[in-house]
Amino acid sequence: MSDRRVRVRFAPSPTGPLHIGGVRTALYNYLFARQHGGDLVFRIEDTDTHRFVPGAEEYILESFRWLGIQFDEGVSFGGSHGPYRQSERRDIYKKYVQQLLDSGKAYYAFDTPEELEAKRESESNFQYDAHTRMQMKNSLTMSADEVKRRIEEGEQYVVRFLVEPGIEVHVNDMIRGDVCIKSDILDDKVLYKSADELPTYHLANIVDDHLMEISHVIRGEEWLPSAPLHVLLYRAFGWEDTMPRFAHLPLLLKPEGKGKLSKRDGDRLGFPVFPLEWHDPKTGEVSSGYRESGYFPEAVINFLALLGWNPGTEQELFSLDELVKVFDITKCSKSGAKFDYQKGIWFNHEYILRKSDDEIARLFAPIVANNGVDESFERVRQVVHMMKDRVSFVKELWPLCSFFFIAPADFDAKTVKKRWKDCSTQQMTELADVLQNIDDFSVEGQEKVVMQWVEDKGYKLGDVMNAFRLALVGIGKGPGMFDISAFLGKEETLRRLLHGIEVIPGLKAKLSAES
């Protein structure tokens, strides 16, 4: 790294919810800034007023608060390089537009949208550039007086960048190396529109990055075609010495098939593509979010960090601080990264295992209460300890272990047919007597007595335990039987067991008759 202070930025447009690809871009900027002791700037690019969506900006900020990605300055954070919202920087941009016009690096164009569309229809692959600009209505083909008159009469215009042909433009990309583009393929991009007195993305970005002293621009691969134009703009302003280093990140690709990840992929396959749930203010449509779907922010961060970048080791689980230490922007992939949403679920499972029983119990306790169960935190924690390794999301705990809190209302037909043998009623009746006489109803206390009884009677352990489980749980699932009965306690265990002895034989007979 040079002596220049590292300053990077994340600059979304408030045009809707933040795509998960944007989250990854922000994450990589964060990791790069922290790694080099630099600054992360949050800027809002809202020059496209027609696409503005109310609530989008706050949604983006809330997403980063949830994820734990902290900015050093910018919109809502303050700082000495503001304002950080582009719509509040109109006068700044006008100054630089005029600078380009005065130096002959840009020109006025008065072509109407209808005229441009007619040109595209009449001329295949039409591009407003060195080959066509002299056929169009602009200040290069008009006298200065006519240009002045049109502007004074309020005629709408745009300002276009004058791209000279025959130039090799080199972009020094930290991921892709030297990218060389010939200026002949670039068009004279619109930099400013008089209609709303706002610049386009291209001019605003360059001016803001320069004035905010941005040292590195880390953004998605989709912006790579813009990089040569931005290099030319830096040169046009005479800012070559402060030009940032570029890094264009690989695209996030569909889990199946070809192309980049879209919301439709998430809808079709059942996974979120937004960090938080999004309520579209125009259509009322609700899109799922990682937070509301039950993902931990740490799991989402870990998952995204490894999409398009590899630490070069077998390690997969990283905290944010660990990622800061090992992240290397130059080791990012040049090709797109398939969005393996199943891997995201795996990460969430791993983070459930990493978290303490108390942490998971605090999240699970409200779910227990919402199902009408008044249970102590300690009892909830005990269930979490037994069951958390079986789920990928906290919300999956209730259907998996509700039997700890509520006796089964019915018994699973398949389990009844398979597990309740002809001998089960007799064995369970005897087991009820054995349990009744156990004073120490702990796991160890029960196990010692019951296992001795099974051995003395010559019963098959599987037959006994399967029937016991069916009576207490209602289905053939759950942790060890003595863990379950110790948790339930003697009174509830016997109540359920005796109810099973009373009900299950009749159900078994009915099922046998039906088959």
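Predicted model: local features only at pLDDT ≥ 70, side-chain atom pairs only at ≥ 80, totals over all residues.
Phe237 is buried, its relative accessible area being 7%, where buried denotes under 20% relative accessible area, exposed over 50% and partly exposed the range in between (1.4 Å probe, protein chains only). Residues are numbered from 1 along each chain as its sequence is written, and side-chain values use heavy atoms, with hydrogens and water left out.

Rings of Phe, Tyr and Trp (its six-membered ring) are taken to pair if their centres lie within 6.5 Å, and planes under 30 degrees apart count as stacked, over 60 as edge-to-face and the rest as tilted. By this rule the count comes to 31 aromatic pairs. One of them joins Phe237 and Trp239 in a stacked arrangement, with 4.3 Å centre to centre and 15° between the planes; Trp239 is buried, at a relative accessible area of 10%. Phe404 and Phe487 form an edge-to-face pair, with 5.2 Å centre to centre and 85° between the planes. This pair links distant parts of the chain, 83 residues apart, since Phe404 lies in the loop between helix H14 (397-401) and helix H15 (413-419), while Phe487 belongs to helix H19 (residues 481-514). Helices (H or I, at least four residues) and strands (E, at least two) are DSSP runs, numbered from the N terminus. Phe404 is buried at 2% relative accessible area, and Phe487 is buried at 4%.

One aromatic cluster is formed by Phe271, Phe303, Phe339, Tyr341, Trp346 and Phe347. The charged end of Lys343 sits over the ring of Phe347, 5.9 Å from its centre, the criterion being NZ of Lys or CZ of Arg within 6 Å of the ring centre and within 35 degrees of the ring normal. Lys395 likewise lies over the face of Phe393, at 5.5 Å from the ring centre.

Three strands form an open sheet in the order E1-E2-E3, with parallel pairing, two strands being paired if DSSP finds at least two bridges between them. Strand E1 (7-10) and strand E3 (73-74) each have a single partner strand, so one side of each is left without a neighbour in the sheet.

Leu249, in strand E11 (residues 245-249), is buried at a relative accessible area of 0%. Its contacts (heavy atoms within 4.5 Å), not counting residues up to four places away in sequence, include Arg24, Tyr28, Ile175, Ile218 and Cys332.
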